[in-house]
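Trainee: Before we look at any details, could you show me how to read the packing of a protein model, one residue at a time?

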Amino acid sequence: MKATRVTEGIYRLSANVSNILFEGMWPVPNGVAMNSYIVKGDKCAIIDGVCAWDGVPETLLSQLDELDIDVKDLDYVIINHMEPDHSGWLDAFRNVRDDFTIYTSERAKPLLDAFYRITDNIKLVKSGDTLDLGDGRILAFEEIPNVHWPETMATFDTKSGTLFPCDAFGSFGAVDNDAPYDDTLQEEQIEFFEREMERYYSNIVTSFSAATRKAVEKVKALPVKIIAPGHGIVWRHDPDRVIRSYTRLAGYSKGPGRAEITVLWGSMYGMTELALQPVIEAIESQRVKTRVHRVPESHIGYILDSVLQSSGVVLAMPTYEYKMFPPMAAILDEIGKKKILNRKALRLGSFGWSGGAQQELDEIVERNKMKWDFLEPVEFKGRPTEQDIALIRQRGIELARAVKAWALADDVA
Ligand SMILES: Cc1cc2nc3c(=O)[nH]c(=O)nc-3n(C[C@H](O)[C@H](O)[C@H](O)COP(=O)(O)O)c2cc1C
Ligand SMILES: [Fe+2]
Ligand SMILES: [Fe+2]
């Protein structure tokens with residue numbers, strides 16, 4: 001871990017974490033960076049922290065040493081977001097010094113007590129409030145509730161135009177601390193972080209897409225020159241690029257996404273699987289890309305990424321004990337809870353004697369208010385007949401056309 005200079009008076013302290021499931025459940029095979037920032041005026045503030053500072057004296061203090069900052073100079077601790085990936089270092093920090101003042105939002109106060117038993121030296125701020133660090137450096141606070149918890153706020157350095165939005169504009173992916181800025185990375189490396197951002201967004205943020213859209217509008221109203229998030233790289237050269245990415249992803253949650261179709265399928269004895277190639281071929285014959293995941297093999301973290309980006313979804317699964325194939329039901333419910341709304345969809349599947357998958361599907365879609373627009377399903381007894389396969393192809397084409405009409409019309413608009 002090494003401190004890097006973002007711009008005059010602003011430094012990034014970061015730790016890469018790997019070999020974990022993020023939030024205890026999301027795979028991060030490429031790791032994830034946790035970023036904290038030091039802002040220097042006459043006084044010095046630290047914005048957010050890094051949970052991976054398990055040994056604060058060894059890691060944080062050595063980085064401060066590199067910057068020639070004494071821990072006693074850290075007058076202010078700014079907490080944008082109380083999730084322990086950013087606040088978890090507070091306990092250890094208090095062992096080093098205990099007389100700092102916390103600047104945070106009103107809704108963070110009970111969380112500070114609940115998580116860390118901190119009740120004193122807290123200055124509550126709201127949108128429009130500022131903190132003058134001296135030397136012309138004034139920090140302005142902007143509440144961005146629910147991106148990602150209710151208490152979340154962003155901090156804006158008015159001197160340099162640097163925005164510290166914590167989880168917003170973040171991504172998965174470990175960051176090379178020798179080149180943590182968009183202006184120090186090759187184009188393909190930036191694209192790697194954009195892909196990591198898509199999975200991060202779909203796993204962590206997408207339920208809060210309406211709040212994210214509001215937050216993005218607030219950010220657009222600020223004279224932002226640099227975006228320095230709590231995860232991922234710092235956007236110093238082209239902050240508009242990450243604003244555009246977040247605008248796009250936040251829009252995908254209500255649809256349309258890309259002119260693509262995610263095919264989710266599960267099968268016990270290969271009967272439903274017989275429908276798979278025909279439907280994929282039919283979709284691709286319309287030049288619509290497919291993203292295919294088998295359940296339960298594919299992790300929900302990847303499925304959410306695909307479904308969020310796709311305007312259409314095929315759900316292919318058999319009936320199981322008068323209901324949907326259970327892993328598909330669980331995944332559809334999770335997609336609904338993440339509020340991925342308004343998809344064009346098609347259900348296919350085999351059954352033995354009674355069927356029953358449809359009723360459960362309807363319940364899940366209704367319960368989560370998903371507003372998915374389903375074509376007439378294609379269900380077949382046991383092995384699909386030639387007529388079934390012909391119908392499956394026809395529905396695949398219909399779905400692909402519906403997806404193209406929706407996604408491309410929105411592109412033009
Ligand atoms: C454990 C189990 C439970 C099933 N429950 C039902 C059911 O409630 N109703 C029904 O019509 N078929 C039921 N079936 C039959 C399957 O839906 C049928 O075998 C179908 O062809 C399986 O498709 P697959 O090979 O794609 O898994 C069940 C099969 C199994 C193995
Ligand atoms: Fe968070
Ligand atoms: Fe976070």
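Trainee: Which residues does Met-328 touch, not counting residues up to four places away in sequence?

Mentor: This is a predicted model, and a contact here is a pair of C-beta atoms within 7 Å. On that reading, Met-328 touches Leu-264, Gly-266, Val-295, Leu-315 and Met-317, once residues up to four places away in sequence are left out.

Trainee: How many residues does the largest nonpolar core have, and where does this core lie?

Mentor: A nonpolar core is a set of buried residues joined through their C-beta atoms. The largest one has 115 residues, and Met-328 is among those with the most contacts inside it, together with Ile-261, Leu-264, Val-314 and Leu-315. Domain 1 (4-252) and domain 2 (260-405) both contribute residues to this core, so it lies between them.

Trainee: What surrounds ligand 1?

Mentor: A shell of 20 residues surrounds ligand 1, and the closest are Met-268, Met-271, Thr-272, Pro-318 and Gly-352. By class, the shell divides into 8 nonpolar, 10 polar and 2 charged residues, while β18 (319-320) and β20 (344-351) each supply at least two residues to it.

Trainee: What radius of gyration does the protein have, and what would a compact globule have?

Mentor: For 413 residues a compact globule would have a radius of gyration near 22 Å, and the protein has 24 Å, which agrees. Along its principal axes the C-alpha trace spans about 75 × 40 × 35 Å, and 47% of the 413 residues count as buried. Of the contacts with a separation of 6 or more, 74% are accounted for by residues 24 or more positions apart.

Notes
Residues numbered from 1 in each chain as written. Chains lettered and ligands numbered in written order. Predicted model: local features only at pLDDT ≥ 70, side-chain atom pairs only at ≥ 80, totals over all residues. Core = buried A, V, L, I, M, F, W, Y, C linked by C-beta atoms within 7 Å. Buried ≥ 20, exposed ≤ 12 C-beta atoms within 10 Å, placed from the backbone. Domains from an automatic or database assignment. Contact = placed C-beta atoms within 7 Å. Near = placed C-beta within 6 Å. Helix = DSSP H or I, 4+ residues; strand = E, 2+ residues; numbered from the N terminus. Nonpolar A, V, L, I, M, F, W, Y, C, P; charged D, E, K, R; others polar. Rg over C-alpha atoms; globule rule 2.2 N^0.38 Å.
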